[in-house]
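Trainee: I would like to go through a few local features of this model. Can we take them one at a time?

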Amino acid sequence: LSDCSPLPVTAWMNVFFVWGGDAPPKSPDHPVRRHPEWLLRDASGKSVSEYTAEERARGWIEGAYADPASEDYRGRFALLAAEVAANYRVRGVHLDFIRYPGPDYGQTGELGNAFRARYGFDPALVPAEFGTVDLRRWLADDTSEADRFLTTAKLLWAWMRAEEVTALVRRVRGALTAAR
């Protein structure tokens, strides 16, 4: 960082993408090894850290992701961001990979359990994607009762997933504010 002075430096941090590669991380302290409970699972319940290269390619996923619904992971990441801000002269922190890797992830984890408890419906039964036609028809009340139910469930599921990502952003902002 001293070589970059006086240029402003922004710390670039991967948020939920925690590992990519064919061999597991060597460090026993890496989240993939130390905290497998923090890792995202697919619709079948399989941890994304267990994917083969072929499964990653088929699912358009770069590697292992932490589950955005993991409160413990969010807390650890916020501490790391605060450590960077407190110990290095950076003008800010850029949060990259701050998303679920695709629509088929999270149904069998903590968030799926919360969705089932709140709405009494298994999010694994909700179609993963829908288009603007579905929304237009839903807004116009021009759908069957079953389609209206499924579109409402999809919107609720998307909202809950977005809330988990937002929770991390709020936590990081609080940690950065406290660190500065």
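Predicted model: local features only at pLDDT ≥ 70, side-chain atom pairs only at ≥ 80, totals over all residues.

Trainee: Which residue does the side chain of S47 make a polar contact with?

Mentor: S47 lies in the loop between α1 (31-34) and α2 (53-58). Leaving out residues up to four places away in sequence, S47 touches L39, L40 and R41. The polar contact joins its side chain to another side chain at 2.9 Å, and the partner is S49.

Trainee: At what angle do helix α3 and helix α6 pack?

Mentor: Two packed helices are described by the angle between their axes and the distance between the axes. Here the helices are α3 (residues 71-87) and α6 (residues 145-179), with axes 8 Å apart. Their crossing is right-handed. The angle is about 35 degrees.

Trainee: How many nonpolar residues are in the contact of α3 with α6?

Mentor: On the α3 side the contact includes F77, A78 and A81, and on the α6 side it includes L168, V172 and L176. By class, the contact has one polar and four charged residues. The count of nonpolar residues is twelve.

Trainee: How far apart in space are G92 and P8, C-alpha to C-alpha?

Mentor: G92 is in strand β4 (residues 92-96), and G92 touches V9, T10 and A11, not counting residues up to four places away in sequence. G92 and P8 are 84 residues apart in sequence. In space, their C-alpha to C-alpha distance is 9.0 Å.

Notes: Residues numbered from 1 in each chain as written. Heavy atoms only, no water. Helix = DSSP H or I, 4+ residues; strand = E, 2+ residues; numbered from the N terminus. Polar contact = N/O pair within 3.5 Å; in protein donor to acceptor, adjacent residues only side chain to side chain. Contact = heavy atoms within 4.5 Å. Axes fitted to C-alpha atoms, helices over the stretch in contact; angles between N-to-C directions. Left-handed = near helix turned anticlockwise from the far one by under 90°. Nonpolar A, V, L, I, M, F, W, Y, C, P; charged D, E, K, R; others polar.
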